[in-house]
Amino acid sequence: MTPELTVLALAALLQIVQFLAYSVAANLQVGPRYAMGPRDTPRSLTGLAGRLQRALNNHFEGLILFTIAVLVVQLSGSANSASAWAAWAYLGARVAYVPAYAFGLSPWRSLIWMVGLFATLTLLLIPFF
C-alpha cells in the first residue's frame with residue numbers, strides 16, 4: 001500500500017476515534033436517557049462535548065477533500081516523496097487538531113487546520129507539476 005493510502009486509512013481510523021470521544025462526552029453531558037431516546041427535542045452540546053462535536057464535523061469536511069486529493073494522486077500515477085510528505089503532514093495536523101480544538105487552544109487550532117488544508121492542496125496540485 002502506498003504512503004498516501006496508508007495515511008487515508010489512518011485518517012479514517014482517526015475519524016472513528018474522534019466519534020467515540022465525542023460520543024462519550026456527549027452522553028456524559030446529556031445523560032443516557034436522552035442519548036438513547038428519540039431525541040425529538042434537539043439539545044446543543046456545550047463545553048468539551050460541543051468542541052469535540054465540532055472537531056468531528058470539521059474532520060468529516062476535511063476528510064472528503066483529502067480523500068479526493070489522495071485519489072487524484074493515486075489515479076494519475078503522481079505519487080512521489082512530496083505526496084507522501086503531504087499526506088503525513090495532513091494526518092499529523094488532524095491528530096494535533098483534536099486536542100487543540102478540545103482544549104480551546106486559540107489561535108493554534110486554526111494554524112493547525114491550515115497545515116492540513118495546505119497539505120491537501122499540495123496533494124491536489126502535485127499531478128500538475
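This report walks through a predicted model of one protein chain, from its overall build to single residues.

**Overall build**

The protein chain holds five helices and zero strands. Read along the sequence, its pattern is α-α-α-α-α. The C-alpha trace spans about 55 × 30 × 20 Å along its principal axes. The chain has 129 residues, and 40% of them count as buried.

**Aromatic rings**

How many aromatic pairs does a search of the whole structure find? The search finds three. One of the pairs is Tyr97 with Tyr101: the ring centres lie 5.6 Å apart and the planes meet at 80°, so this pair is edge-to-face. The label follows because planes over 60 degrees apart count as edge-to-face. Two values are enough for such a description. A pair of aromatic rings is described by the distance of the centres and the angle of the planes.

Where do Tyr97 and Tyr101 lie? Both belong to helix H4, which covers residues 81-102. They are four residues apart, about one turn of the helix.

The charged end of Arg109 sits over the Tyr101 ring, 4.4 Å from its centre. The charged end of Arg43 sits over the ring of Tyr34, and the distance to the ring centre is 4.2 Å.

At 53% relative accessibility, Trp108 counts as exposed, because the cut-off for exposed is over 50%.

**Accessibility side by side**

The table lists the relative accessible area of several residues discussed in this report.

| Residue | Relative accessible area | Class |
|---|---|---|
| Ser78 | 15% | buried |
| Leu121 | 41% | partly exposed |
| Phe60 | 44% | partly exposed |
| Trp108 | 53% | exposed |

**Distances between residues**

Phe60 lies in helix H3. At 44% relative accessibility, Phe60 is partly exposed. Phe60 and Leu71 are eleven residues apart along the chain, and their C-alpha atoms are separated by 17 Å.

Leu121 has its place in helix H5. This leucine is partly exposed, at 41%. What separates the C-alpha atoms of Leu121 and Leu65? The separation is 8.9 Å, although the two leucines are 56 residues apart along the chain.

**The loops**

Ser78 is found in the loop between H3 and H4. Ser78 is buried, with a relative accessible area of 15%. Which residue does the side chain of Ser78 contact? A polar contact of 2.7 Å joins the Ser78 side chain to that of Ser76.

Most residues other than glycine have a negative phi, and most peptide bonds are trans. Arg39 lies in the loop between helix H2 (32-36) and H3. Phi of Arg39 is near 55°, a positive value in a residue other than glycine.

Pro107 is found in the loop between H4 and H5. Is the peptide bond from Ser106 to Pro107 cis or trans? The bond is cis, with omega near 0°.

Terms used: Residues are numbered from 1 along each chain as its sequence is written. This is a predicted model: local features need pLDDT of at least 70, side-chain atom pairs count only at pLDDT 80 or more; totals for chains, interfaces and linings use all residues. Side-chain values use heavy atoms; hydrogens and water are left out. Rings of Phe, Tyr and Trp (its six-membered ring) pair if their centres lie within 6.5 Å; planes under 30 degrees apart count as stacked, over 60 as edge-to-face and the rest as tilted. Helices (H or I, at least four residues) and strands (E, at least two) are DSSP runs, numbered from the N terminus. A charge sits over a ring if NZ of Lys or CZ of Arg is within 6 Å of the ring centre and within 35 degrees of the ring normal. Buried means under 20% relative accessible area, exposed over 50%, partly exposed in between (1.4 Å probe, protein chains only). A polar contact is a pair of N or O atoms within 3.5 Å; within protein, one must be able to donate a hydrogen and the other to accept it, and residues adjacent in sequence count only if both atoms are side-chain atoms.
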